[in-house]
Amino acid sequence: MIGWNGTLLTDKDAVIPVGDHGFLYGLSLFETMRTYKGQPFRLEQHLERLHEGCRALGIKLSLEAEPLRMHIQEVMHANRLEEAYIRLTVSAGEQGVGLPTGDYLAPTVIVLTKPLPDLPSSLYEQGKPLQLLRIRRNTPEGEIRFKSGHYMNNILAKRELMQYESAKLGAEGLLFTAEGDAAEGIVSNIFAISEHTLFTPPIHTGILPGITRAVTIEIAKQLGIPVVERTFGREMLLHECDELFITTSVQELVPITAVWDEANHLVQVGSGKAGPLTIRLLEAYRSIAWKEAQVDENR
């Protein structure tokens, strides 16, 4: 069952018209979230990012957090899910063939849910590899990258990743900018730790302003861990960092314990296991997520 403009439909009945610009021109935006205690984490921040993108694209959208929270739970219940991966998608709507001449007044809002992936505790202890990719991160659509349905750059990166031996080990692929600076993973943001300081690429490199990235920075500052948003390249990843980790809404903070370059050379990160600051940040992240879920549950 799928959430479709606030109602429930079967996946066979949920159909985008051929004249929808989400289909014709990739004019769609989406947010991915996961639940804790059945509550989508940081729903308000996801909605803020979604609305900002819609305003820039002329998509008239007004979603309020509480009705949407109830609708998400309705979709989860229809699919017999207590916890879920959630994808909230907005497709611009019909305007026929040709670039838009005005605003999109009737977008389609879709809620897709599926079970959370089975993420073993060993992933957060032993970590996973990072594969450096040759394909470059494209520049964003505007001043700031949208989380848009136009995912061709990511798909090409995933196709490259699958050619490496590291893919068999569950590696995430890392894209660099045209200038050679670390940008982001195929589906993640990246953080490096060196001398007890947290480094992450700045938004102006064209990365997605990830919600989990923002929460991680927020937590690090609360814990008194210095945070520096600046560009860095291969040397930091291969030789200069003590710890590495990636962030995603569904997987939270995942330690990177090995880096593979494009020639299949392997470099171990730190001890080869999750580092102490990564573990501390992950524990704090989960603590906040569960506490906020308890508050949302009691609303």
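A residue is termed buried under 20% relative accessible area, exposed over 50% and partly exposed in between (1.4 Å probe, protein chains only). By this criterion Phe-191, with a relative accessible area of 0%, is buried. The model is predicted, so local features need pLDDT of at least 70 and side-chain atom pairs count only at pLDDT 80 or more, while totals for chains, interfaces and linings use all residues. Residues are numbered from 1 along each chain as its sequence is written, and side-chain values use heavy atoms, leaving out hydrogens and water.

**Aromatic pairs**

- Phe-41 and Tyr-285 form an edge-to-face pair, because their ring centres lie 5.4 Å apart with the planes at 75°.
- This pair links distant parts of the chain, 244 residues apart: Phe-41 is in the loop between β4 (39-40) and α2 (43-57), and Tyr-285 is in helix α8.
- Phe-41 is buried at 8% relative accessibility, as is Tyr-285 at 1%.
- Phe-191 and Phe-245 are stacked, since their centres are 5.0 Å apart and their planes at 10°.
- Tyr-36, Phe-41, Tyr-285 and Trp-290 make up one aromatic cluster.

**Charges over rings**

- The charged end of Arg-286 sits over the ring of Tyr-124, at 4.5 Å from its centre.

Definitions and conventions:
Rings of Phe, Tyr and Trp (its six-membered ring) pair if their centres lie within 6.5 Å; planes under 30 degrees apart count as stacked, over 60 as edge-to-face and the rest as tilted. Helices (H or I, at least four residues) and strands (E, at least two) are DSSP runs, numbered from the N terminus. A charge sits over a ring if NZ of Lys or CZ of Arg is within 6 Å of the ring centre and within 35 degrees of the ring normal.
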